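Subject: Structure handover

Hello,

Here is the structure for your files, with notes on what turned up in it below.

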Amino acid sequence: MSEKNFPLSSEKLRAFAEKHGTPFHIYDGIAIEDRAKSMLDAFSWSAGFINYFAVKALPNINILRLLYRAGFGADCSSLAELYLAKEAGIPSEKIMFSSNDTSDDEFREAIRMGVILNLDDESYIDDVLRLNGELPETISFRYNPGRDRTGNAIIGNPVEAKYGVTHAQLANCYKRAKELGVKRFFLHTMVASNELNEDYIVETARMLFSLVDEIYQETGIRISQLDLGGGIGIPYRPEDNGISFYSLSEKIRKLYEEMIDKKGLGPVRISFECGRAITGPFGYLVSKVQHVEHKYRDYIGLDACMADLMRPGMYGAYHHITVSGKEHAEANHVYDVTGSLCENNDKFAIQRALPEIERGDLLIIHDTGAHGHSMGFNYNGRLRHAEYMILEDGIYKIRRDESYEDYIRTMLKEPEKA
Ligand code: LLP
């Protein structure tokens, strides 16, 4: 069970919304920092343990800086994300570049910045050589286990997924890297998304530990860092149970002792790239009810739309919704909660039991701290909204609303001859 609370009282939220307008995402920075520190604490048995926070989950400089100060690095999948991580002050050795279908420009810039390259394909060794003349001292390969693992709907079945080096290719990648002068070898995988079964993550650790052995046997190369990727799930539904970093870490530690320590393969540093498990539960989309409509169904029309949160429309994902000030009222009405896009899947909830809702009510859509604002887009000319962060001494604005001027900035008012 997970409780669905909101960090501000309904009076405080109402006053804030009246002053600053709606909709907006608000993140509990205090809870995010605690969560980050608890992950580091749980894995402190692994010397140098690090979580490269997946920037794609919540790409805001202020959040990245807060996480860096708590002890995290950053995992980036694009140039823009690399720049954000740098703007947040994160040093290059704490930045992982887990890109795929990587362009020459991205490789050039990532190499210039000196971040850790996590290569998604065998052929990327040649790309880096062509662009840089040599490989960096540290290199990571992303592994795709194919039929050995199952994956899930969001990340895809590994055999069908475009990511990573196959089992048959892996040892040769390391061999080539060594011949080309690489000194430190990392191994990465990402086979789960929003996984709530702790044992699935433990199995990922087992898979990587056994690869460390296999690669050593086959090539004599010692892997010095394993990256278990992101994908640790969060309890979107109140009846779900979240994963405890402590219990997960304990199981991984036992396996490490057995499979790495006892075989003399260590030390191997453990790392993750979790985004969702760090910020997801501590973000909220606050939106005001503009309409209560009675058609074949009853609809609640919000001032937020899919531009603010795509997950329900895109994956049919569940996000819990509460009505500020009516947390204890009986959920005796059934509504579709919608946005304003000309898309019938622009719905935050379908046939959801909620208390009776009136125009002007403030709805809180929970668990939007990861893959929320970041997935927004501008279809229908809808603009993305502001982000706020709660800290000990108050609430800070960390992104303003997009404006019409932002929206048309890239458009030429008169055609330019190409
Ligand atoms: N590392 C890599 C290489 C990834 O591809 C991802 C997510 C992560 C880390 C972070 O995963 P997390 O710990 O945040 O689950 N938009 C989807 C999720 C897409 C996941 C893609 N990769 C959603 O809204 O659920």
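**The annotated lysine**

Lys56 sits in the loop that runs between β2 (50-54) and α3 (61-70). Please keep in mind that this is a predicted model. The UniProt record, an unreviewed entry, lists Lys56 under "modified residue: N6-(pyridoxal phosphate)lysine". Lys56 counts as partly exposed because its relative accessibility is 35%. Leaving aside residues up to four places away in sequence, Lys56 touches Asp75, Ser77, Glu81, His371 and Ser374.

**The ligand**

A side-chain N or O atom of Asp75 is 3.2 Å from a nitrogen atom of the ligand. For Glu273, the distance from a side-chain N or O atom to a nitrogen atom of the ligand is 2.5 Å. Gly231 uses its backbone: an N or O atom there lies 2.8 Å from an oxygen atom of the ligand. On its own the ligand has 580 Å² of accessible area, and the protein covers 92% of that.

His371 lies in the loop between β15 (362-366) and β16 (386-391). His371 is buried, because its relative accessible area of 17% falls under the 20% cut-off. The phi of His371 is positive, about 55°, although the residue is not a glycine.

**The annotated cysteine**

Where does UniProt place the feature "active site"? The record, again an unreviewed entry, puts it at Cys342. Cys342 is in the loop between β13 (333-338) and β14 (347-354). With a relative accessibility of 63%, Cys342 counts as exposed. Not counting residues up to four places away in sequence, Cys342 touches Tyr379 and Asn380.

In helix α7 (residues 167-179), the buried residues include Leu170, Ala171, Cys173, Tyr174 and Ala177. They cover an arc of only 155° around the axis, so they are on the same side of α7. Ala168 and Glu179, on the other side of α7, are exposed. The cover over the buried residues of α7 includes α6 (124-132), β6 (138-143), β7 (184-189), α8 (198-219) and β8 (223-227). Just after α7 comes Gly181, with a positive phi of about 95°.

α6 can be described along similar lines. Tyr124, Ile125, Asp127 and Val128 are buried in α6. Their arc around the axis is only 160°, which puts them on the same side of α6. The buried residues of α6 pack against α5 (104-113), β5 (116-119), β6 and α7.

**Backbone details**

Most peptide bonds are trans, and most residues other than glycine have a negative phi. A few places to check against that follow.

- Thr22 and Pro23 are joined by a cis peptide bond, with omega about -5°; Pro23 is in the loop between α1 (10-20) and β1 (24-28).
- Gly266 and Pro267 are also joined by a cis peptide bond, with omega about -5°; Pro267 is in the loop between α9 (245-261) and β9 (269-272).
- Asp101, a residue other than glycine, has a positive phi near 50°. Asp101 is in the loop between β4 (95-97) and α5, and is exposed, with a relative accessible area of 68%.

Regards

Notes: Residues are numbered from 1 along each chain as its sequence is written. This is a predicted model: local features need pLDDT of at least 70, side-chain atom pairs count only at pLDDT 80 or more; totals for chains, interfaces and linings use all residues. Side-chain values use heavy atoms; hydrogens and water are left out. Buried means under 20% relative accessible area, exposed over 50%, partly exposed in between (1.4 Å probe, protein chains only). Helices (H or I, at least four residues) and strands (E, at least two) are DSSP runs, numbered from the N terminus. The arc is that of the directions from the helix axis to the C-beta atoms. Contact means heavy atoms within 4.5 Å. A polar contact is a pair of N or O atoms within 3.5 Å; within protein, one must be able to donate a hydrogen and the other to accept it, and residues adjacent in sequence count only if both atoms are side-chain atoms. Accessible areas come from the Shrake-Rupley method with a 1.4 Å probe; for residues, only the protein chains shown count as cover. UniProt positions are given in the numbering used here, feature names are shortened, and annotations may be inferred rather than shown by experiment.
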